[in-house]
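Hi everyone, thanks for coming. I'd like to walk you through one structure today, going from the contacts between chains down to single side chains. Have a look at it first, and then we'll start.

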Amino acid sequence: MIRLRIIMLSCFISFFTINAFAQDTLKLGIPLPLTGTNAKFGEIEKKSYEIAQDEINSKGGIKGKKIVLEFEDSQGKPEISRSIVERLIDKKQPVIFGEYSSSSSKAIAAVAEERKTPYLVVTGATDDITQQNYKYVFRMNPSNAYYATGFMSFLKAVVKPKSIAILYESSDFGTSGAEDMVNQAQKDGIKVLVKEQYEKGAVDFKPILSKVKAAKPDVIYMVSYVMDAALLMRQIKELRIDTNLYAGGAAGFAIPEFIENAKEASALVVTATLWSPQVKYSGAKEFAEKYKKLYKDYPSYHGAEAYSALYIIKDVLERAKSWKPDDIRSAFKSTNLMTAFGPVKFVDKEGYTNQNFMDSIVMQVIDGKHETIWPAKYASAKYVYPIPKWKDRK
Amino acid sequence: MKKLLPLIIFAILLIVPLMGLSTYVMHILILVLMWSVIGMAWNLLGGYTGQVSFGHAAFFGVGAYTAGILYQHLGISAWWGLPVCIVVLTVLSLIIGFICLRLRGAYFALATLALGEICRVTAENLVDFTRGNLGILIKERTWVEKTWFFYIILLIAAGTYIIIKKVIESKLGYYFVAIREDHDAAESLGIDTTFYKTISLCLSGVLTGMAGVFYMNYMGYIDPSIVFPLYDLSITAVMVVMIGGVATYWGPIIGAIIMVFLAEVIRSLPQIGAAHQTIFGIILICIIIFLPNGIAGGDYLKLWEPIKNRWRNKGTSL
Amino acid sequence: MAQLELFIQTIISGFLLGGLYALIGLGMALIMGVMRIINLAHGDIMMIAMYIAYGLFIFLGIDPYISVFIAAPTLFLFGVGVQKYLLTPVMKVESILPHNLVIMTVGIAMVLSNLATVFFTGNYRSIPVNYASSAWYLTDIWKNSPIELSLSMPWTLSFVIAVIITIGLWIFLSKTDTGKSIRATAQDLDAALLMGVNVDRLRNLTFGLGCALVACAGCLFIPIYYLYPSLGKQFTNIGFVITVIGGMGSTNGAVIGGLILGIFESVTATYIGMGWAPVGRFAIFIAALVFLPGGVASILRRKRLGK
């Protein structure tokens with residue numbers, strides 16, 4: 001009898017201690033594509049979230065609670081992201097953030113708005129996510145239309161092209177990136193000579209590249225992920241297509257793998273990007289170096305987005321009057337934070353709701369690595385322009 | 001008792017939403033019902049009429065896009081897709097039938113596979129019409145809670161079950177099975193095989209299309225890679241029926257339950273989650289070798305035989 | 001002039017691509033001829049060969065072209081095993097639907113591609129060999145040429161090796177006993193049995209051979225493309241499109257079919273738009289199925305009979 005009571009008492013006590021222990025942690029689920037075609041970026045973001053998590057926890061966590069991140073694999077499919085988020089909302093997670101691709105972010109945004117739970121878009125770039133007048137969706141990364149602002153100013157100031165050829169992959173990201181470039185080009189008086197979409201994973205780009213060659217554009221602009229980007233440049237080199245500038249619309253062109261896989265063909269290729277390890281925002285360089293020490297390469301801008309996202313969440317949760325959805329929402333609206341990714345402020349402007357606007361920058365592959373070249377205030381190296389013809393290289 | 005079983009199950013399903021289950025479980029049940037519809041539709045064409053299609057994604061996707069395009073371009077509720085898709089999908093089935101039904105066996109399977117892929121790439125490229133890979137997003141789904149969605153898909157599933165049962169038990173059903181068993185013999189007996197195959201295809205297509213319309217309304221967001229995928233839809237449809245039981249009424253439903261539950265359960269497991277397709281593949285292989293007619297196909301009795309014999313006659317059998 | 005250059009370059013690209021496609025189609029045509037099944041795991045077997053070549057390069061520094069000699073026999077044995085333990089048992093089982101063999105290959109394809117994803121992760125990999133973007137240029141040889149044409153080095157090498165392998169196969173099929181037995185079985189199974197051909201052993205051999213051929217194609221593809229676990233699907237599609245265009249089971253047809261497909265895709269990409277390229281592939285497939293069910297082989301046969 002006494003043994004039974006002792007057992008019951010210890011259960012009682014351990015229950016309370018476990019509960020008390022549980023009260024000290026804040027579990028946050030994050031949907032990410034950990035398998036599937038976007039697994040690489042999902043991994044970069046996961047690693048970056050973890051770095052931020054360790055930093056925040058070592059300084060006491062959020063309101064005294066340690067953060068525990070639980071990553072859920074969406075396999076890059078919007079329906080799975082959606083059911084992950086539905087489950088998180090069922091479990092009463094106060095705020096949702098995460099996901100990489102535009103289509104998954106779009107699907108989650110719709111759910112979050114429906115179920116009135118705030119959602120922070122971290123990487124999804126397609127414009128229409130914040131053009132729907134959603135009250136609960138906040139986007140920290142610039143939308144596709146603003147990806148290339150730095151790049152366009154580089155074109156206007158240095159390259160001064162009269163024509164452009166645009167090649168893009170048939171995804172959400174590629175299609176909206178291409179549309180935005182067409183709009184920008186028309187505004188700046190640059191003629192769009194070729195606009196071709198291709199399906200990801202294509203083996204032979206030579207037919208459309210030959211078409212581009214025949215059109216003789218001043219700039220070749222490509223919106224691709226890394227392997228297509230590498231293959232495109234390699235086949236451009238093979239066909240000896242000369243132009244004034246080869247440019248990428250971010251993503252595939254902005255990560256080290258592009259240089260590894262395209263080798264000499266990647267030299268002097270320029271890309272629009274949102275962030276580089278050389279920007280002067282506070283925390284940027286430290287984050288980049290920390291990531292490089294752990295994982296041997298600099299993080300892409302997606303890593304910086306993920307890292308900063310967790311800091312934004314921390315800031316919002318600490319400023320919110322309570323963790324009820326509407327209070328968190330007001331805290332989001334009044335955000336004014338400098339992060340490693342850049343300044344974050346959610347405004348309603350030009351048809352976008354709760355969107356953060358930032359300068360974008362331009363990188364160029366010089367001597368086998370990405371250097372920031374534009375705008376000058378962020379530059380780590382001088383841009384190389386004009387570029388030599390293929391025949392005259394090396 | 002056996003006759004009442006379907007009714008009992010239907011009655012139980014009717015009160016499920018009132019049981020206060022979490023949204024997640026409701027979501028799983030809705031998926032099971034939707035896949036049951038797709039499976040039963042495929043089974044009509046494949047299991048009963050013997051025309052194995054690897055391209056059912058075409059019907060599903062066109063159904064989903066019918067609903068989506070009505071919403072996007074005409075501004076009306078996507079639920080209008082249900083009546084409209086009957087027309088659209090009949091036309092599509094007639095076209096597909098005209099091209100493919102003259103082909104036999106594996107050629108038919110491949111042709112449907114090709115047509116499914118053609119639909120997908122077409123949807124991707126006709127950006128002005130379908131918004132390509134930007135997808136169609138329904139800003140406000142009809143309901144936020146799952147209850148009414150559940151009832152609608154339950155209705156569609158029950159309707160499909162009844163329609164198929166009635167068809168198979170009628171003369172049409174005999175013609176279908178005759179075509180499956182021996183196409184030429186059926187032809188020589190005076191059965192207009194092309195006509196009946198076409199009916200089977202149209203019915204199968206329309207029912208799958210309705211599942212597609214439902215999907216558009218339920219998920220609220222579609223794009224070509226979501227609704228026209230080769231593996232995730234066409235081949236999964238084949239698996240659902242092959243695992244569950246070809247040419248049976250309950251086979252596709254059992255298959256749907258297994259596939260959806262397995263998919264969700266395996267996906268959430270930490271390490272093995274990524275390997276869920278391997279597990280499906282292995283299950284498929286095992287089913288083909290040991291239970292070629294699926295779980296409900298009655299083969300398990302055959303498997304049981306040698307074990308039973310050894311038990312009884314200790315040494316006489318095997 | 002630019003239009004002429006564009007046209008010639010398109011045709012060259014198409015031709016080179018077609019040669020490689022033909023190698024993939026050959027393997028599938030052989031399997032289809034003897035076993036009458038469409039091996040939907042074909043592309044995934046190619047993927048495995050590519051990963052083997054990749055591993056050999058990373059760990060032993062072996063050039064992909066040399067890896068052909070290692071990957072092909074390995075996958076030959078793999079193919080024999082698959083046929084013996086997975087496919088033949090299914091052939092003996094009675095079932096309502098006769099398509100079980102094809103669906104079995106689908107299951108195998110799923111397992112292969114998914115296992116590859118688990119073991120190798122979804123990361124794209126490539127072997128950036130030194131000659132990866134080298135090419136021979138017309139202007140280097142003919143200094144004042146009005147147009148510039150380039151012949152990519154790795155593409156051409158792969159094409160040449162593919163041709164050599166195809167010729168080797170042709171010799172095997174027409175001059176050796178085993179080869180003739182394969183053709184006999186493909187023509188008429190019962191007659192072959194009556195003639196004393198060990199059909200079971202032959203099936204294993206043929207499947208193995210088909211796998212070995214596509215393994216060669218894989219190694220030849222590595223320098224010009226890249227590697228990821230799910231690349232199998234597109235090559236399986238290419239495989240059966242070629243087999244149908246060429247004529248089920250005909251190896252000569254597969255070669256011609258491959259070239260036709262390569263050039264057709266190239267031309268479609270240039271003049272209609274690259275986004276439509278997959279549609280073009282499937283459209284020609286369906287056209288062949290509907291209008292020319294015997295494929296190119298039937299045209300060849302008609303010509304031969306007509307003499």
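So, how many residues of chain B are in contact with how many residues of chain C? On the chain B side there are 45, and they meet 37 residues of chain C. Before I go on, please keep in mind that this is a predicted model.

Let's stay with that contact for a moment. The size of an interface is often given as the accessible area lost when the parts come together. For chain B and chain C, that area is about 3,700 Å², and carbon and sulfur atoms give 81% of it.

Okay, into chain A itself. Start with strand 1, residues 25–32. Of its 8 residues, 6 are buried, so the strand is largely enclosed by the rest of the structure. Its partner is strand 2, residues 66–73; the two run parallel and are joined by 8 bridges. To see how they line up, find A:Leu32, which stands opposite A:Asp73 in strand 2.

Where does A:Gln93 lie? In the loop between helix 3 and strand 3 of chain A. Buried or exposed? A:Gln93 has a relative accessible area of 8%, so it counts as buried. Leaving aside residues up to four places away in sequence, A:Gln93 touches A:Lys27, A:Leu28, A:Gly29, A:Leu88 and A:Thr117.

Next, the other sheet I picked from chain A. It is an open sheet of 7 strands, in the order 7-6-8-9-10-15-16, with mixed pairing. Strand 7 and strand 16 stand at the edges with a single partner strand each, so one side of each is left without a neighbour in the sheet. On average, neighbouring strands here are turned by 25° against each other, direction ignored. One pair to look at is strand 10 with strand 15: they are antiparallel, with 4 bridges. In that pair, A:Thr273 stands opposite A:Ile361. You can also see helix 7, residues 172–187, lying across strands 6, 7 and 8 of chain A, at about 165° to strand 6.

Last topic: salt bridges. Over all chains the structure holds 29. Take A:Lys106 and A:Asp128, whose side chains meet at 3.3 Å, N to O. A:Lys106 is in helix 4 and A:Asp128 is in the loop between strand 4 and strand 5 of chain A, 22 residues apart. Both A:Lys106 and A:Asp128 are buried.

Then there's A:Asp188 with A:Lys156, where the closest N and O atoms are 3.4 Å apart. A:Asp188 sits in the loop between helix 7 and strand 7, and A:Lys156 in helix 6, so the pair ties together parts that are 32 residues apart in sequence. A:Asp188 is partly exposed at 29% relative accessibility, whereas A:Lys156 is exposed at 53%.

A further pair is A:Lys237 and A:Glu264, with N to O at 3.7 Å. A:Lys237 belongs to helix 9, and A:Glu264 to the loop between helix 10 and strand 10 of chain A, 27 residues apart. A:Lys237 counts as buried at 18%, while A:Glu264 is partly exposed at 31%. And to finish, salt bridges that share partners join A:Arg82, A:Glu86, A:Asp90, A:Arg115 and B:Lys146 into one network.

Notes:
Residues numbered from 1 in each chain as written. Chains lettered and ligands numbered in written order. Predicted model: local features only at pLDDT ≥ 70, side-chain atom pairs only at ≥ 80, totals over all residues. Heavy atoms only, no water. Buried < 20%, exposed > 50% of the residue type's maximum accessible area, 1.4 Å probe, protein only. Pairing = 2+ DSSP bridges. Axes fitted to C-alpha atoms, helices over the stretch in contact; angles between N-to-C directions. Contact = heavy atoms within 4.5 Å. Buried area = accessible area lost by both parts, 1.4 Å probe. Salt bridge = Lys/Arg side-chain N within 4 Å of Asp/Glu carboxyl O.
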